[in-house]
Amino acid sequence: MDRETIRGLLLQLRDTIRAEREHAKALDLEAMMADVKRKEVLLRALNGIESLHPDDQQFAREIQQENRRNAYLFRATLNWIQDTMVFFGRKTVPITYSQRGLSKNNTINGRLLSGTI
């Protein structure tokens with residue numbers, strides 16, 4: 001593969017990774033999945049390259065940085081979703097009072113997620 005072709009593929013990969021992030025932020029899953037497929041095709045095409053020209057290594061570093069940004073965004077989003085699920089799945093313990101006026105805890109699990117209140 002000649003140098004211009006490699007550079008073109010690297011630029012397409014960088015732009016695809018950026019587009020993937022923007023589509024993820026916009027919650028456009030269909031476009032994001034198209035970006036993922038395009039990225040896989042580009043990575044397969046670049047897989048056989050043994051060494052890059054020193055000028056093209058700058059593009060490879062940019063791709064690495066953009067990929068790390070996406071990984072951080074996806075990991076932070078996953079953590080937020082997991083924290084939210086834990087919050088809503090947590091046991092809710094309403095406080096009630098006995099006949100003598102003492103507080104009494106009743107355990108009710110997952111009222112919010114089960115759809116019953």
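## Burial of E66

A residue is called buried when its relative accessible area is under 20%, and exposed when that value is over 50%. In this predicted model, E66 has a relative accessible area of 6%, and therefore counts as buried. E66 is found in helix 3, which covers residues 57–89, and, leaving aside its neighbours within four places in sequence, E66 is in contact with R14, I17, R18 and R21.

## Helix 1

Helix 1, made up of the 23 residues 3–25, reaches 33 Å from its first C-alpha to its last, close to the 33 Å expected at 1.5 Å a residue. An α-helix has 3.6 residues a turn, so residues three or four places apart point the same way. Just after helix 1, L27 takes a positive phi of about 60 degrees.

## A nonpolar surface patch

W80 is placed in helix 3 and, at 59% relative accessibility, counts as exposed. Together with I81 and M85, W80 forms a nonpolar patch on the surface, with about 360 Å² of accessible area for the three residues together.

## The protein as a whole

The protein has four helices and two strands, which follow the pattern α-α-α-β-β-α along the sequence. Of its 117 residues, 21% count as buried, while the accessible surface comes to about 9100 Å², of which 54% belongs to carbon and sulfur atoms. Among contacts with a separation of 6 or more, 58% are accounted for by residues 24 or more positions apart.

Key:
Residues numbered from 1 in each chain as written. Predicted model: local features only at pLDDT ≥ 70, side-chain atom pairs only at ≥ 80, totals over all residues. Heavy atoms only, no water. Buried < 20%, exposed > 50% of the residue type's maximum accessible area, 1.4 Å probe, protein only. Contact = heavy atoms within 4.5 Å. Expected span 1.5 Å × (residues − 1). Patch = residues over 30% accessible without salt bridge, like charges linked within 9 Å, V, L, I, M, F, W, Y side chains within 5 Å. Areas by Shrake-Rupley, 256 points an atom, 1.4 Å probe, with all protein chains shown as cover. Salt bridge = Lys/Arg side-chain N within 4 Å of Asp/Glu carboxyl O.
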